[in-house]
Amino acid sequence: MSTERRLRLPGLAYGGDYNPEQWPEEVWAQDMALMRAAGVTMVSVGIFSWALLEPSQGVYDFSRMDKILELLHDHGIAADLATPTAAPPAWFFRAHPAALPVDRDGRTLSYGSRQTFCPSSPAYRAAALGIAGALAERYADHPAVAMWHVHNEYGCHNAECFCDTSAAAFRNWLRAKYGNDLDALNDAWGTAFWSQWYYDWAEILPPRATGADPNPTHQLDWRRFCSDELLSLFTAERDVLRRAAPAIPATTNFMVMHNFDALDYWRWAPELDVVSNDHYLRSTDPESQIDIALSGDLVRSLAGGRPWLLMEHSTGAVNWQPVNRAKTPGEMRRNALAHVAHGADGIAYFQWRAAKAGAEQWHSAMLPHAGTDSQIWQDVVQLGADLGALAEVRGSTSPARVAIVWDWNARWAMEAPSQPSGALRFQDLVRDWYAPLWKAGVAVDFVRPDAPDLDRYQLVLAPSLYLVDDAGAAGLAAFVEHGGTLAVGFHSGAVDENCHVRLGGYPGAFREILGVHGDELFPLLPGQSLTLAGQIPPGASADLWSERLRLTGAQAVATYADGPLAGVPALTRHTYGSGTAWYLATHPDPATLAAVLQRIRQEAGVRPEREVPDGIEVVRRRGTDADYLFFIDHAGHGAEIPADGIELLTGKPVTGSVTVPEGGVAVVREQVAEARGA
Ligand code: GAL
């Protein structure tokens, strides 16, 4: 990530997607006045404006955008100027029908919504770079432009295209990966199986719909290719913008949230000048505050520990779930300030003004259909004031001593078809482990499996690491050897980077560190559960997974008390080098998992940020000469918590303890004894 190209705005940014082209010009002046009233400092413009900016190929109409940028600048509001390439116009597809994407079943999709293009289409790439270049040339020196917003949510609707153009691009990607050596590919993919051997590169296709289960390595390389293909579109646009405007930072909005798994953001993040993320709540998630925290910690980790921007979330309901729930009183404020607590240096919404037409007319916004005579508007104004009061938090970081291993390759491989259990979901398994740490107020970073600097953590958790390469496994082993504590979840270390089973017993790559040997997997059926016994809470149970394990150096901390594996270890602890490695070979109930993780972290010497009552989230951001302690009441009972300093949202001094209002938030600046240096 570039150090020169930073977003240079004072304080925490505040705003949203602004689509004035969807409204008559009379409305724009009102927008400006209301943005000022709400404390908005930056808006994203032009995200879906391609058809208006380029009415026909190579013919541009910048008249509207000129006025919008002028208006924003006159009102002291910065522009995050988008390249509109997520929504190619109809004229483009009429001229280039081959750029339409084809799905796995061979169906060509039609234009008429957005993000319906083939990522490998040369015509699309040329057109996207054309409009990006024209915008860059026109606005590179415009004083309103603070950042480039490249495209929108890459891969949201078109992460995969199975057309012939994509097939050719996939083959090129494979040739580069395997050094043009088809035997190397055949070996990596295990194509001796089911007569899949390839004699000619031209025989290789995307994993289109076929009669039986696909080849796992073919699938995995395909997912890697799809992520890289979109990344190359991003970097191509970014480079066009950079050439014209070398000092303006570029971002694109990630989607680190439930269920979106198309892109390997560890590969993407270093290409961005500013990392930004979109996060929406799932109406059916009863603990969505945990999802916010998890995604915030992951995005901050992707950003290399530096602050990031929340580019989109919603003030109220969205419009794309089966039933779209509104937020409860105070929830919008808690959500936004939780993102700040987890490292966001700016908060933005989709979108500024609620649409009256189009597919998102029932999506909430900062300025709702009801206008300013609305609860949401009051909350928006309040949040603007809150962010103003928290301006000094900008730039502060996180002091986590616990890391959770997160890997998109492991996720893709484990969730592919023909696994021992089709019920394993990577993000759910990680969240199971993250939740008790969050509840206990323990700060967490996320790391890639081959992170070079694990030694700065006391505890590393790998809740779900089905796939790990030798470098990743060696890094984790070295961490334990040097005195760290590692805890590994079931079905980890099972395969290498080519999805080949690691032979000789489970959990393959980690057998030696964990001091165990498994010889057979016993996944549980839906509804089936087992009882656990040992040094764990009475009545402990487990579901989803078990395996027949014997000890080869580890001690059993808990065993199965019933079922076919009665007496077999389910939780083990092993001293390895100067460290300790735990293996949790099953999926315990949440209370048991919380107790297990509490013991593990206590033995590792990891303490919570502060003892807080249930339902209060506590997060620390670390500044140069002060720490910022965020207390967020998700339970609605309020709390009195030991603290000293200044409560920034009210500006009041805090002596001995701070009051967290019911359903509210307190942020205490605690002075540190000595400045830490930048
Ligand atoms: C995002 C998208 C926005 C808007 C929003 C609605 O995925 O980037 O343009 O559609 O969802 O929730």
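Me: How many bridges are there between E23 and strand E28, and in which sense do they pair?
Reply: In this predicted model, E23 and strand E28 (residues 665–671) pair in the antiparallel sense over seven bridges, where two strands pair if DSSP finds at least two bridges between them, and strands themselves are DSSP runs of at least two residues (helices, H or I, need at least four), numbered from the N terminus. Residues are numbered from 1 along each chain as its sequence is written. Local features need pLDDT of at least 70 and side-chain atom pairs count only at pLDDT 80 or more, while totals for chains, interfaces and linings use all residues, and side-chain values use heavy atoms, with hydrogens and water left out.

Me: What stands opposite aspartate 627 in E28?
Reply: That is glutamate 670, and aspartate 627 is also the bridge partner of arginine 622.

Me: How is E22 joined to E23?
Reply: A hairpin connects them through three residues, and strand E22 (residues 616–622) runs antiparallel to E23 with seven bridges between them.

Me: Are the residues of E23 buried or exposed?
Reply: Eight of the eight residues in strand E23 (residues 626–633) are buried, meaning under 20% relative accessible area, with exposed being over 50% and partly exposed in between (1.4 Å probe, protein chains only). Both faces are covered, with Ala626, Tyr628, Phe630 and Ile632 on one side and Asp627, Leu629, Phe631 and Asp633 on the other.

Me: Switching to the ligand, which residues surround it?
Reply: The shell consists of Phe48, Arg114, Asn152, Glu153, Asp278, Tyr280, Glu312, Trp320, Phe350, Glu360 and His363, where a residue is near a molecule or strand if one of its heavy atoms lies within 4 Å of it.

Me: Which side chain has an N or O atom 2.3 Å from a ligand oxygen?
Reply: That is glutamate 360, while the side chain of histidine 363 has an N or O atom 2.7 Å from an oxygen atom of the ligand, and for asparagine 152 a polar side-chain atom lies 2.8 Å from a ligand oxygen.

Me: And how much of the ligand does the protein cover?
Reply: The protein covers 96% of the 310 Å² of accessible area that the ligand has on its own, with areas from the Shrake-Rupley method and a 1.4 Å probe.

Me: What about the open sheet, in what order do the strands run?
Reply: Nine strands form it in the order E5-E4-E3-E2-E1-E9-E8-E7-E6, with parallel pairing. Its edge strands are E5 (250–251) and E6 (253–254), each of which pairs on one side only.

Me: Which residue of E9 does tryptophan 308 stand opposite?
Reply: Tryptophan 308 faces alanine 344, and strands E8 (residues 308–312) and E9 (residues 344–349) pair in the parallel sense over two bridges.

Notes
Polar contact = N/O pair within 3.5 Å; in protein donor to acceptor, adjacent residues only side chain to side chain.
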